[in-house]
Amino acid sequence: MNLYFKQFLGIDQNFTDFRTSAVAILPFPYEGGVSYGKGTGKAPDAVLDASAYLELYDEVLNAEIYRMGISTVKPPDISENPDNMIKQVYDTTNSLLKTGKFVIVIGGDHSISSGYFKALKEKYGKLSCIQIDAHADLRENYEGSELSHASVMARIREMTEHTLQIGIRSMSAEEAEIVKEKQISLCSMNDYRKGVFDIDAALDNLPDPVFITFDVDAFDWSVISSTGTPEPGGFVWDEVMDLLYKIFMKKNIVGFDVVELSYKRGDNNSLFAAAKLIYKMLGFKLYAYIEKFNQKWPQNPSGALFK
Ligand SMILES: [Mn+2]
């Protein structure tokens, strides 16, 4: 697998070597499934640029997470055709997963997630999905496309009935009907704020292993404002940190993606927050592994650490 010309974090080459890294990051700058604001295609490069300014030491976990090795790999030449594009996500993540690495995809719009989900599901046989998002994305199709970013959870739910949606604050009557009829586990932002949804119980009911798809529009605009379909009233940073810590400690997370970030000139905050989100999630993954298997923080690139 070829390294990308940009790498996540400003780290020494020893820690980005594909052969020895524990983590592979795949930038996937596709924006064909977007309905409103453009710019998601430029986001992965911009996140990689911003990541160079991240502090490498995690002051909460007291560790240098990057030491396990993080390679950023070159994406394929992405097809404009949605069916071909999904197959490209599937093929690329599938071959990365075969190396035993923990794979992260940086979008790109949300329509890419079902391709990665499929590859992970084939690897593990069964797979649940936690979606953190402002939108339910349960429409059977949108603007004539079944592969729209607004339909991604409908596509994922064709592969698993085990889904948990958190932070939702925008949905159609049709989607609300689907949630009711299929008894989908969904914590709206309102439920979250009012404390009327038992997230612990929902996590307990969700079978392992689990994939997380993180749509950055789940965040409040004070954290991330550059996104294609913004909704007011989202999570603040520390709420997401607490939520993700809980999710990673309770569940076996086998992969995640971060999608729907949009590049807007002059807004460095959103890019930096997205880069930090990815590094924090990796830190939680590593910490959960260390706690569960009574390991030490890795000091050197650790190969197929999470296999
Ligand atoms: Mn969304």
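Visitor: What makes residues of helix 2 buried, and which ones are they?

Guide: A residue counts as buried if 20 or more other C-beta atoms, placed from the backbone, lie within 10 Å of its own, as exposed if there are 12 or fewer, and as partly exposed in between. In helix 2 the buried ones are Met85, Ile86, Gln88, Val89, Thr92, Thr93, Leu96 and Leu97. Seen down the axis of helix 2, these buried residues fall within an arc of 155° (the arc of the directions from the helix axis to the C-beta atoms), so they line one face of the helix. The face turned away from that buried side carries the exposed residues Asp83 and Asn84. This is a predicted model, in which local features need pLDDT of at least 70 and side-chain atom pairs count only at pLDDT 80 or more, while totals for chains, interfaces and linings use all residues. Residues are numbered from 1 along each chain as its sequence is written.

Visitor: What do the buried residues of helix 2 pack against?

Guide: They pack against strand 1, strand 5 and helix 3 (113-124), where contact requires that C-beta atoms, placed from the backbone, lie within 7 Å. Helix 3 is itself mostly covered, since nine of its 12 residues are buried, among them Tyr116, Phe117 and Leu120. Those buried residues pack against helix 2, strand 5, strand 6, helix 4 (152-157), strand 9 and strand 10. Just after helix 3, glycine 125 takes a positive phi of about 85°.

Visitor: Why is strand 9 called largely enclosed?

Guide: Six of the six residues of strand 9 (residues 210-215) are buried, so the strand is largely enclosed by the rest of the structure. Val210, Ile212 and Phe214 point one way, whereas Phe211, Thr213 and Asp215 point the other way, and all are buried. Strands pair if DSSP finds at least two bridges between them; strand 9 pairs in the parallel sense with strand 6 (residues 128-132) over five bridges, and six bridges join strand 9 to strand 10 (residues 253-259), again running parallel. Isoleucine 130 stands opposite isoleucine 212, and valine 210 stands opposite isoleucine 253.

Visitor: What makes the chain as compact as a globular protein of its length?

Guide: The chain holds nine helices and 10 strands. Its radius of gyration, taken over C-alpha atoms, is 18 Å, close to the 19 Å that the globule rule gives for 307 residues, so the chain is as compact as a globular protein of that length; the rule is 2.2 Å times the number of residues to the power 0.38. Of the 307 residues, 49% count as buried.

Methods
Helices (H or I, at least four residues) and strands (E, at least two) are DSSP runs, numbered from the N terminus. Two residues are in contact if their C-beta atoms, placed from the backbone, lie within 7 Å.
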